[in-house]
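The sequence and structure come first.

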Amino acid sequence: MRLLLTGASGLLGGNFAAVAARAGHEVTGVVGTWSGTPIPGLARQLRLDLTDGAALTAVVRAARPEAIVNGAAMSELAQCDREPERSAVLNVELPRRLAELAAELGVRLVHVSSEQVFDGTRAPYRIGDAVAPLTLYGRQKAESERAVLAAAPGRAAVVRVPLLLGNSPGGRRSVHERLLRDWAEGRVARLFTDEIRQVCLADNLAAVLLELCAPAAPGGILHWAGAEPVSRYALGCAIARRFGFDPEQHIVATQLAGTPLAATRQADLSLDLRPLCELLATKPEPLAAQVARLGR
Ligand SMILES: NC(=O)c1ccc[n+]([C@@H]2O[C@H](COP(=O)([O-])OP(=O)(O)OC[C@H]3O[C@@H](n4cnc5c(N)ncnc54)[C@H](OP(=O)(O)O)[C@@H]3O)[C@@H](O)[C@H]2O)c1
């Protein structure tokens, strides 16, 4: 298929480009500020400020994609708080516009939402559970879901995803990349034993998004994640062992509950993956399999 990918230089987008290219698809990828080497897997790499709606429209129409994958976002929670208007454009207006373009072209849009639409008190979350975001980013993601489904009814798949693992194009974006940097610079990581996430490797999610590009694939709101919930602390320990660091020396176990951070950091964001996990060839992966595939 001819695919248009936004966020091609991000953690997810970079993995999507590689996975889609390996499967024989032709991917046009949009990057923003990325100035590194060409993203592997892209047939064409375009630089575009996605807040420029007119330029976006022209690029999408010219690419004549058979499906659009939106991997672009302002995904740092603190940056969204600092830049509420720009984050609303990227996290809500961009997916809305992509959905309108998908409807105009008669193609699928696969949009990525987040576990952050939930408040963390009632896990595991099912698709129909009420959203209750704790942050501006979470509220924007919830709004993007409504906007996309309204603008491209029957053509959009909106996938809520968990904390992602993996190697990012810049090598500085993901959990293990940050931990390895901390440890290399002599810092100890303080990680919560009571903050539970059902982490997923970005290339596994990329394979899911690719399946969802097919015209007859499932649509609407969907959940995807890894096979098992894990605490931030347990995740950090698994990453430490994978790269030969002693967890006892490099990680301090600590508690989220009772700290001011608990107002915006959800305790448990485990997701119920039905029906997607029963419908796709790609399967959720256990943590050990994910961590084994992390590279430096
Ligand atoms: N990472 C996670 O743990 C996680 C968890 C749940 C949901 N998600 C969601 O998954 C999706 C992918 O996240 P990610 O972690 O891959 O994000 P990321 O690594 O932060 O990448 C964001 C991408 O968006 C692009 N972008 C941002 N602003 C842009 C602009 N104005 N113009 C053009 N491109 C722009 C960036 O391009 P440049 O870098 O080239 O500027 C980059 O390619 C997002 O929807 C995110 O909300 C991520």
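## Domains and their contact

The protein is divided into domain 1, made of 2–164 and 200–223, and domain 2, made of 167–197, 228–269 and 278–292. The C-alpha centres of domain 1 and domain 2 lie 24 Å apart. Their contact draws 24 residues from domain 1 and 18 residues from domain 2. The model is a predicted one.

On the side of domain 1 that touches domain 2, helix 1 and helix 7 (202–212) each supply at least two residues. Helix 7 gives the most to this side, with four residues. By class, this side of domain 1 has 13 nonpolar, eight polar and three charged residues.

## Helix 1 against helix 7

How do helix 1 and helix 7 cross? Their axes come within 8 Å and cross at roughly 60 degrees, and helix 1 passes helix 7 in a right-handed crossing. Helix 1 contributes Leu 11, Leu 12, Asn 15, Phe 16, Val 19 and Ala 20 to the contact. From helix 7 come Ala 202, Asp 203, Leu 205, Ala 206, Ala 207, Leu 209 and Leu 210. Of the residues in this contact, eleven are nonpolar, one is polar and one is charged. A general point about helix geometry applies to lists of this kind: an α-helix has 3.6 residues a turn, so residues three or four places apart point the same way.

## Surroundings of the ligand

Which residues come nearest to the ligand? Of the 28 residues around the ligand, these are Gly 10, Leu 12, Gly 32, Trp 34 and Ala 73.

Helix 1 (11–22) and strand 5 (108–114) each supply at least two residues of the shell around the ligand. Helix 1 gives the most to this shell, with three residues. By class, the shell has 15 nonpolar, eleven polar and two charged residues.

## Helix 6, strand 8 and helix 8

The buried residues of helix 6 (175–184) are Val 175, His 176, Glu 177, Leu 179 and Leu 180. These buried residues pack against strand 7 (164–165), strand 8 (189–192) and helix 8. After helix 6 comes Gly 186, with a positive phi near 85 degrees.

Ala 189 lies in strand 8. Is Ala 189 buried or exposed? Ala 189 counts as buried because 21 other C-beta atoms lie within 10 Å, where 20 or more are required. Leaving out residues up to four places away in sequence, Ala 189 touches Leu 179, Asp 182, Gly 236, His 250 and Ile 251. The C-alpha atoms of Ala 189 and Leu 179 are separated by 7.2 Å, with the two residues ten apart along the chain.

Cys 237 is found in helix 8 (232–242). Cys 237 counts as buried because it has 21 C-beta neighbours inside 10 Å. Apart from neighbours within four places in sequence, Cys 237 is in contact with Pro 247 and Ile 251. Between the C-alpha atoms of Cys 237 and Ala 253, 16 residues apart along the chain, the separation is 9.9 Å.

## Backbone features in loops

| Peptide bond | Omega |
|---|---|
| Ala 123 to Pro 124, cis | about 0 degrees |
| Arg 274 to Pro 275, cis | near 0 degrees |

Pro 124 sits in the loop between strand 5 and helix 5 (136–151). Pro 275 is placed in the loop between strand 13 (251–254) and helix 10 (276–279).

Arg 64 has a positive phi of about 45 degrees, although it is not a glycine. Its place is in the loop between helix 2 (53–63) and strand 4 (67–70). Why does Arg 64 count as exposed? Arg 64 is exposed because 11 other C-beta atoms lie within 10 Å, and the exposed class takes in residues with 12 or fewer.

Conventions. Residues numbered from 1 in each chain as written. Predicted model: local features only at pLDDT ≥ 70, side-chain atom pairs only at ≥ 80, totals over all residues. Near = placed C-beta within 6 Å. Nonpolar A, V, L, I, M, F, W, Y, C, P; charged D, E, K, R; others polar. Domains from an automatic or database assignment. Contact = placed C-beta atoms within 7 Å. Axes fitted to C-alpha atoms, helices over the stretch in contact; angles between N-to-C directions. Left-handed = near helix turned anticlockwise from the far one by under 90°.
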